[in-house]
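Here is a short briefing for a first look at this structure. Keep the sequence and the 3D view open as you read.

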Amino acid sequence: MSAAPQPAQARLRPTMLSDLDFVLTVEQDPACRPYITPWERTQHEGAVRFPDFRHFIVEAGVGWHAVGFVILQGCRNPHGSVELKRMVLQEKGHGWGRECVRLLADMAFRDLGAHRFWLDVKSRNARALALYRSEGFVEEGRLREAVRTDDGYDSLIVMSLLAPE
């Protein structure tokens, strides 16, 4: 008899300035680049230091190795609106993205007292869209051709979860 599959396990630890080389490498990964707009090192430094942000390294797998990073913004938003600014995982297909979304939603609602947890995602990012929809995020609207890509423009889809949901 085989054992039941184990749930994907991931954990978040605060990003240190010494982690930024890893963060920048993940952002430059050809598998990730089409879906994000990379930041300069100084932008990540600001997100690590500024209290309105939470910048985390995602650790998972055997030995809890670094597999990506996430950024929350609006952690001090007076309107209770916290943004999932960025989630970038180098290793895909392990369920760690879903685990991160759940951890971050718990953090937003429970720890930060958010009323609304929101994000925007490029319309071409089918994998992320499917994940967010399956976790209950509702599409609020579309910013048509809002970001430049290597081959033209892409639209951003704005999605959210509300605390009562």
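Start at Arg13, which is partly exposed, with a relative accessible area of 25%. The model is predicted.

**Arg13 and its partners**
- The side chain of Arg13 meets that of Glu59 in a salt bridge, at 2.7 Å from N to O.
- This pair links distant parts of the chain: Arg13 sits in strand 1 and Glu59 in strand 2, 46 residues apart.
- Glu59 counts as buried, at 10% relative accessibility. The cut-off for buried is under 20%.
- Arg13 and Glu59 also belong to a network of salt bridges that links them with Arg11 and Asp19.

**Other salt bridges**
- The structure holds 13 salt bridges.
- One of them joins the side chains of Arg41 and Asp21, with an N to O distance of 2.2 Å.
- Here too the pair links distant parts of the chain: Asp21 is in helix 1 (residues 20-28) and Arg41 in helix 2 (residues 41-49), 20 residues apart.
- Arg41 counts as partly exposed, at 30% relative accessibility.
- Another salt bridge is formed by the side chains of Glu135 and Arg102, at 2.9 Å from N to O.
- Glu135 lies in the loop between helix 4 and strand 6 (138-149), and Arg102 lies in helix 3, so this pair ties together parts 33 residues apart in sequence.
- Glu135 counts as buried, at 18% relative accessibility. Arg102 is partly exposed, with a relative accessible area of 42%.

**The largest nonpolar core**
- In soluble globular proteins, nonpolar side chains tend to be buried together.
- The largest nonpolar core in this model has 32 residues. Phe117 and Tyr132 have the most contacts inside it.
- Several elements each supply at least two residues of this core, including strand 1 (10-14), strand 2 (53-60), strand 3 (65-73) and strand 4 (81-89). Also among them are helix 3 (96-111), strand 5 (116-122), helix 4 (126-134) and strand 7 (152-162).
- Helix 3 gives the most to this core, with seven residues.

**Around Tyr132**
- Which residues is Tyr132 in contact with, leaving aside its neighbours within four places in sequence? They are Leu84, Met87, Val101, Leu119, Val121, Phe137 and Met159.

**A second core**
- A separate core has 12 residues. Among them are Leu20, Val26, Trp39 and Val88.

How values were computed
Residues are numbered from 1 along each chain as its sequence is written. This is a predicted model: local features need pLDDT of at least 70, side-chain atom pairs count only at pLDDT 80 or more; totals for chains, interfaces and linings use all residues. Side-chain values use heavy atoms; hydrogens and water are left out. A nonpolar core is a set of buried Ala, Val, Leu, Ile, Met, Phe, Trp, Tyr and Cys residues joined through side-chain atoms within 4.5 Å. Buried means under 20% relative accessible area, exposed over 50%, partly exposed in between (1.4 Å probe, protein chains only). Helices (H or I, at least four residues) and strands (E, at least two) are DSSP runs, numbered from the N terminus. Contact means heavy atoms within 4.5 Å. A salt bridge is a side-chain nitrogen of Lys or Arg within 4 Å of a carboxyl oxygen of Asp or Glu.
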